[in-house]
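Reader: I would like to learn how to read the ring contacts and the ligand site of a model such as this one. Could we begin with how cover by the rest of the protein is judged?

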Amino acid sequence: MITKAPKGTADILPSQAYKWQYIENQIKKICEEFCIKEIRTPVFEHTELFERGVGDTTDVVGKEMYTFNDKGDRSITLRPEGTASAARAYIEHGLFNEPQPVKVYYLIKCYRYEKPQAGRYREFSQFGVEVYGSREPSVDAEIMALPMVLYKRLGLKNLTLNINSIGCPVCRKEYNKKLKEFLTANYDNLCDTCKERFDKNPMRIIDCKSPICKDIVKGAPKLLDCICDECSDHFEKVKKNLTAMGIEYRIDPYIVRGLDYYTKTVFEIIADNKNSNSTVCGGGRYDGLIEELGGNSMPACGFALGMERLLLTMEEQGVEIPGADVTDIYIGNIGEESNLFAQSLVMALREKGVIAEKDHLGKSVKAQMKYANKINARYSMIIGDTEIAEGKVRLKNMTDGTETECTLTADEIAGAIK
Ligand code: ATP
Ligand code: MG
């Protein structure tokens, strides 16, 4: 038991961690370019935040949350997503008083009690962005452009941006009426969850994963055909902005998104994965959430992208990730005095930004060189009493096996291996 991680969780071992670091660095860079600042919020929140902010008719709140009472008898939930927490922080710290828009990003672990499978875990990682305080369609378009640009930079291909508008509460009310009329004849065949949705939030039936419900909603009225003039105008402008940025998209009138707080623009980015879940990113506009959580009415727009699915997609597409195990130099030694010398030398090299390693096990020279190979050292050297006395050392290029003589100082060595 104690030597096995809980179901649906995964360790990221040193042999894999560089991939995460690489992607995280790319994410930090792109956010900087888009003038988006990082926000860090707690791993757990009051359960009510998600019930209100995600919506209790959603699968996330209805079935998937890790909820428990703490020792003070408060109901606590491990965050299943990042939007509600960031919105809570925006309200709590009065970020609406700052010049708008406020643009934040987060790289977080999320928790959902789901059936584990490829691309679906109980602990997983999201990269998300939220932009508060603007109703402009250019924000919606940037929110969709950012992940598309990121995927492209990472070398991914065949990703489709699918967009839709689910209108505002006014046009959705009209739509819900039409949808219910359409579904009435088949009401008895809907799954139990959808029967509940029928009264509480019929639009969500479109999103049901059950094959029977999927069949029933085929040919259902499209929300996009029913949205009001304002929402329709907004959607047209979003599309124009995407085109202006050179971002390709497809219109998918059946995207509704799982979460309750969306208004107007919704979108999903789909990869053509064969072996794993292919929805790699989702998001949209949620002008109602801040008010729903007790703040002043403030528009907002955002996305969340699954990091594990991103990595799986990169693997499936055979995208190489740079940064695997590289060491600039391995400093071998023979004996106690040269061990100390090697110790001071690796430290001096590290001060110069060189990735340097030495022996820490009292290994034989042969075993030291074997280790140098294991850690992919680009160069190596062996220091003994003679080298120290003469102040010279043979520097070995591990790639082609050639050796050159080099003065035994950190400056010279760092210069020689650049
Ligand atoms: P799905 O329909 O696949 O369950 P979702 O609509 O529940 O996705 P969101 O809440 O929109 O997902 O989360 C945004 C992204 O987070 C998803 O597109 C996906 O990449 C990732 N994600 C969601 N749930 C999981 C999970 N259990 N394990 C791994 N990644 C996940
Ligand atoms: Mg889900």
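Author: A residue is called buried under 20% relative accessible area, exposed over 50% and partly exposed in between, with a 1.4 Å probe and protein chains only. By that rule phenylalanine 96 is partly exposed, with a relative accessible area of 24%, whereas tyrosine 90, at 0%, counts as buried. This is a predicted model, in which local features need pLDDT of at least 70 and side-chain atom pairs count only at pLDDT 80 or more, while totals for chains, interfaces and linings use all residues. Residues are numbered from 1 along each chain as its sequence is written, chains are lettered from A and ligands numbered from 1 in the order in which they are written, and side-chain values use heavy atoms, with hydrogens and water left out.

Reader: How many aromatic pairs does the structure hold?

Author: Rings of Phe, Tyr and Trp (its six-membered ring) pair if their centres lie within 6.5 Å, and planes under 30 degrees apart count as stacked, over 60 as edge-to-face and the rest as tilted. The structure holds eight such aromatic pairs. Among them, tyrosine 90 and phenylalanine 96 are edge-to-face, at 6.1 Å centre to centre with 70° between the planes. Another edge-to-face pair is formed by tyrosine 105 and phenylalanine 127, with 6.3 Å between the centres and 75° between the planes. This pair links distant parts of the chain, 22 residues apart, from strand 5 (residues 102-111) to strand 6 (residues 123-132), where strands are DSSP runs of E with at least two residues, numbered from the N terminus. Both tyrosine 105 and phenylalanine 127 are buried.

Reader: Which residues are the closest to ligand 1?

Author: A residue is near a molecule if one of its heavy atoms lies within 4 Å of it. Ligand 1 is surrounded by 16 residues, of which Arg112, Glu114, Arg120, Tyr121 and Arg257 are the closest. Strand 10 (279-285) is among the strands that supply at least two residues of this shell, and strand 10 gives the most, with three residues.

Reader: Where do polar atoms of the protein meet ligand 1?

Author: A polar contact to a ligand is a pair of N or O atoms within 3.5 Å. A polar side-chain atom of glutamate 114 lies 2.7 Å from a nitrogen atom of ligand 1, and one of glutamine 126 lies 3.1 Å from an oxygen atom of the ligand. The backbone takes part through glycine 306, a polar atom of which is 3.2 Å from an oxygen atom of ligand 1.

Terms used
Helices (H or I, at least four residues) and strands (E, at least two) are DSSP runs, numbered from the N terminus. A polar contact is a pair of N or O atoms within 3.5 Å; within protein, one must be able to donate a hydrogen and the other to accept it, and residues adjacent in sequence count only if both atoms are side-chain atoms.
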